[in-house]
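Subject: Handover of a structure and findings

Dear colleague,

Please find the structure below, followed by an account of what was found in it. I would be grateful if you would read the two side by side.

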Amino acid sequence: MVYHLPNSSPLHSPQSNPISPKKLLDFLEDIATDLKDFYIEEGITKQIFSHLVHYINATAFNTLLLRKDLCTSRRGMQIQYNVSQVEQWLIENGFSEGFV
């Protein structure tokens, strides 16, 4: 199965509405389920998730640099909480703590 993000996705445009952590976790869960259903080896699955996490991190960091409205202590706490949710999901799904 091929996953494509629409061009209007917040991962493509820093000016669009932000994606919720729930939607991101659902997206990651769908990918993990499909990889398991197709019997993809664990090493390849970890590589795929490594690349996904790297892409998400780079995109989020670039968005932070481009939008001054995200550079507040309130937003910082929200971002920290959202990142911790993704970290927790990764740990619960068999990825090491240092994965993110």
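What percentage of the 100 residues of the chain count as buried? The share is 23%, where buried stands for a relative accessible area under 20%, exposed for one over 50%, and partly exposed for the range in between (1.4 Å probe, protein chains only).

Please note that this is a predicted model, in which local features need pLDDT of at least 70 and side-chain atom pairs count only at pLDDT 80 or more, while totals for chains, interfaces and linings use all residues. Residues are numbered from 1 along each chain as its sequence is written, and side-chain values use heavy atoms, with hydrogens and water left out.

Confidence and overall fold

The mean pLDDT of the chain (the predictor's confidence in each residue, from 0 to 100) is 85, and 79% of the residues reach 70 or more. Where pLDDT is low, the predicted coordinates should not be read in detail.

The chain has 3 helices and 0 strands; these are DSSP runs numbered from the N terminus, with at least four residues (H or I) for a helix and at least two (E) for a strand. Along the sequence the pattern is α-α-α.

The nonpolar core

A nonpolar core is a set of buried Ala, Val, Leu, Ile, Met, Phe, Trp, Tyr and Cys residues joined through side-chain atoms within 4.5 Å. The largest one has 14 residues, and those with the most contacts inside it are Leu28, Phe49, Val86, Trp89 and Leu90. Helices H1 (21–37), H2 and H3 each supply at least two residues of this core, and H1 gives the most, with 6 residues.

Contact means heavy atoms within 4.5 Å. Apart from its neighbours within four places in sequence, Leu28 is in contact with Phe49, Leu52, Ile56, Val86 and Trp89. The buried residues of H2, among them Thr45, Phe49, Leu52 and Ile56, pack against H1 and H3.

The aromatic cluster

How many aromatic pairs does the structure hold? There are 2. Rings of Phe, Tyr and Trp (its six-membered ring) pair if their centres lie within 6.5 Å; planes under 30 degrees apart count as stacked, over 60 as edge-to-face, and the rest as tilted.

The rings of Phe49 and Trp89 have centres 5.8 Å apart and planes at 35 degrees, so this pair is tilted. Phe49 belongs to helix H2 (residues 42–66) and Trp89 to helix H3 (residues 73–92), so that the pair links distant parts of the chain, 40 residues apart. Both Phe49 and Trp89 are buried.

The rings of Phe49 and Phe95 have centres 5.0 Å apart and planes at 45 degrees, so this pair is tilted. Because Phe49 lies in H2 and Phe95 in the segment after H3, the pair ties together parts that are 46 residues apart in sequence. The relative accessible area is 0% for Phe49 and 6% for Phe95. Phe49, Trp89 and Phe95 form one aromatic cluster.

Arg75 is in helix H3 and is partly exposed, with a relative accessible area of 34%. Leaving aside neighbours within four places in sequence, Arg75 is in contact with Asp69 and Leu70.

Yours sincerely
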